[in-house]
Amino acid sequence: MRNFLHKFLPSHETVKSQRWLKPFGHWLQHPNLWHLHRRSAAGGVAIGLFCGLIPGPLQMISAALLAVLLRVNLPVALITTLYTNPFTIVPLYVVAYELGAWVSGAHSGVVVQPSFPELHWHNLMYKMWDWLVMLGKPFLIGLPLLAVSLAIIGYFAVRVAWHVTVVLRWRARKRRREV
């Protein structure tokens, strides 16, 4: 699994040589930020899944900050945030709304069809905030619940997949040695 992920991730030296990252150099030196092992990769996936649901353009920034603070794999955390895109964000927000409505007991049986506001750069944050407030309590409860749930599921899924892969390789090596 590690070799597969190494093909797609930049090396530590490549990132370190970027001139716009030089001011943050001492924070980016921890080995767990760059090495792929089961704990740092699972933590990176969990952070990426959690931060991927953050509304607006703050997903990768928050994923990078949390990865550095918690010392998990930084490239994995950043890449994992990309699961939210224009095709997946609306269904994920609908699931978050439904989850929040179920948890808060606000499900009245009436289907709410919120319209998405027309956005321009000068009013982006204001309109997004108005849209979030319009969705109300169910959305504001459901979004963090969904983010935490996805992070927990992602963390354990990576840990289990890593363990299964290692066990299967051990068994294959053992069979090759016996022959």
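Among the parts that cover the buried residues of helix H4 are H3 and helix H5 (74–80); cover here rests on contact, meaning heavy atoms within 4.5 Å. Buried stands for under 20% relative accessible area, exposed for over 50%, and partly exposed for what lies in between (1.4 Å probe, protein chains only). The model is a predicted one, in which local features need pLDDT of at least 70 and side-chain atom pairs count only at pLDDT 80 or more, while totals for chains, interfaces and linings use all residues. Residues are numbered from 1 along each chain as its sequence is written, and side-chain values use heavy atoms, with hydrogens and water left out.

Staying with H4, the buried residues are Gln59, Ser62, Ala63 and Ala67. They sit on the same side of H4, because the arc they cover around the axis is only 135 degrees (taken from the directions from the helix axis to the C-beta atoms). In general, an α-helix has 3.6 residues a turn, so residues three or four places apart point the same way. Turn to the other side of H4, and Ile61, Leu65 and Leu69 are exposed. As for length, H4 (residues 59–70) has twelve residues and should span 16 Å at 1.5 Å a residue, which agrees with the 16 Å between its end C-alpha atoms; the expected span is 1.5 Å times one less than the number of residues.

Just after H6, Gly105 has a positive phi of about 75 degrees.

Zooming out, the protein has seven helices and zero strands, where helices are DSSP runs (H or I, at least four residues) and strands are E runs of at least two, numbered from the N terminus. Of its 179 residues, 31% count as buried. Among contacts with a separation of 6 or more, 70% join residues 24 or more positions apart.

The accessible surface comes to about 12,100 Å², with 68% belonging to carbon and sulfur atoms (Shrake-Rupley method, 1.4 Å probe). On that surface, Phe50, Val148, Ile152 and Phe156 form a nonpolar patch with about 360 Å² of accessible area together. Helix H7 (residues 124–178) supplies the largest share of the patch, three residues, whereas Phe50 is found in helix H3 (residues 38–51). Patch members have over 30% relative accessible area and no salt bridge, with nonpolar side chains (Val, Leu, Ile, Met, Phe, Trp, Tyr) joined within 5 Å and like charges within 9 Å; a salt bridge puts a side-chain nitrogen of Lys or Arg within 4 Å of a carboxyl oxygen of Asp or Glu.
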